[in-house]
Amino acid sequence: MREREDEWTGLMRSAMSGDSAAYHRLLKAVTPVLRAAARRGLARAGQPVDQSEDIVQDILLAVHLKRQTWDINAPFAPWLFAIARNKLIDALRRRGKRIFVNIDDFAETLPGEAAEPTASASEVAGQLQTLPARQRDVLQSIAVESASIKDTATKLSMSEGAVRVALHRGLASLTAKLRDQ
């Protein structure tokens, strides 16, 4: 480990002196280490590791843009890992706290949605008879016979607006009566 850090420091010093081949070798050497660190950091935070490549790219870009801030007399690895740590924290903050759970593992143990209680046709027909005649006729025409509002208005000699009002009131009344049962 110490040997690798010394090698990185030497490569960075050469890169700072203008050796582009050393800079390229340095970036190739640190990338797998950064990738593993990003994956570990994401996993430790309970996040999927599929974003690790984006974090590695952010780290490498920051290293490139901030390389002039590195002290040539200091070891390179602590400087690099400080950037990596900060970029990981930034990525986690951007994502927010999300917990991913694979539902396939326990889907059979989850309760299904409770079925809405429904009224039988005879119950609906019985309650329909208790509505005022105009509301009953409108509901019968639209809901049972599937007539349009326009056709119902013509058939019952009503305006379309009056049909809509009677439909709404009839449905509200019918719903309330069926709910009370």
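At roughly what angle do the axes of helix α3 and helix α4 cross? The answer is roughly 130°, with the axes of α3 (residues 52–66) and α4 (residues 76–95) coming within 9 Å. Axes here are lines fitted to C-alpha atoms, for helices over the stretch in contact, and angles run from 0 to 180 degrees between N-to-C directions. That makes α3 oblique to α4; under 35 degrees counts as roughly parallel, over 145 as roughly antiparallel, 65 to 115 as roughly perpendicular and the rest as oblique.

A quick word on the source: this is a predicted model, where local features need pLDDT of at least 70, side-chain atom pairs count only at pLDDT 80 or more, and totals for chains, interfaces and linings use all residues. Residues are numbered from 1 along each chain as its sequence is written, and side-chain values use heavy atoms, leaving out hydrogens and water.

Back to the α3 and α4 pair, whose crossing is right-handed. On the α3 side, the contact (heavy atoms within 4.5 Å) includes Ile55, Ile59 and Val63, while α4 brings in, among them, Trp79, Leu80 and Ile83. By class, that contact has 10 nonpolar, no polar and 4 charged residues.

Helix α3 also holds Ser52, which counts as buried at 2% relative accessibility (buried means under 20% relative accessible area, with a 1.4 Å probe and protein chains only). Leaving aside residues up to four places away in sequence, Ser52 touches Arg35, Ala38, Arg39 and Leu42.

Now look at α7 (residues 149–156) and α8 (residues 160–180), which pack at about 105° with axes 9 Å apart. They are therefore roughly perpendicular to each other.

Notes. Helices (H or I, at least four residues) and strands (E, at least two) are DSSP runs, numbered from the N terminus. A crossing is left-handed if the near helix is turned anticlockwise from the far one by less than a right angle, and right-handed if clockwise. Ala, Val, Leu, Ile, Met, Phe, Trp, Tyr, Cys and Pro count as nonpolar, Asp, Glu, Lys and Arg as charged, and the others, Gly among them, as polar. Buried means under 20% relative accessible area, exposed over 50%, partly exposed in between (1.4 Å probe, protein chains only).
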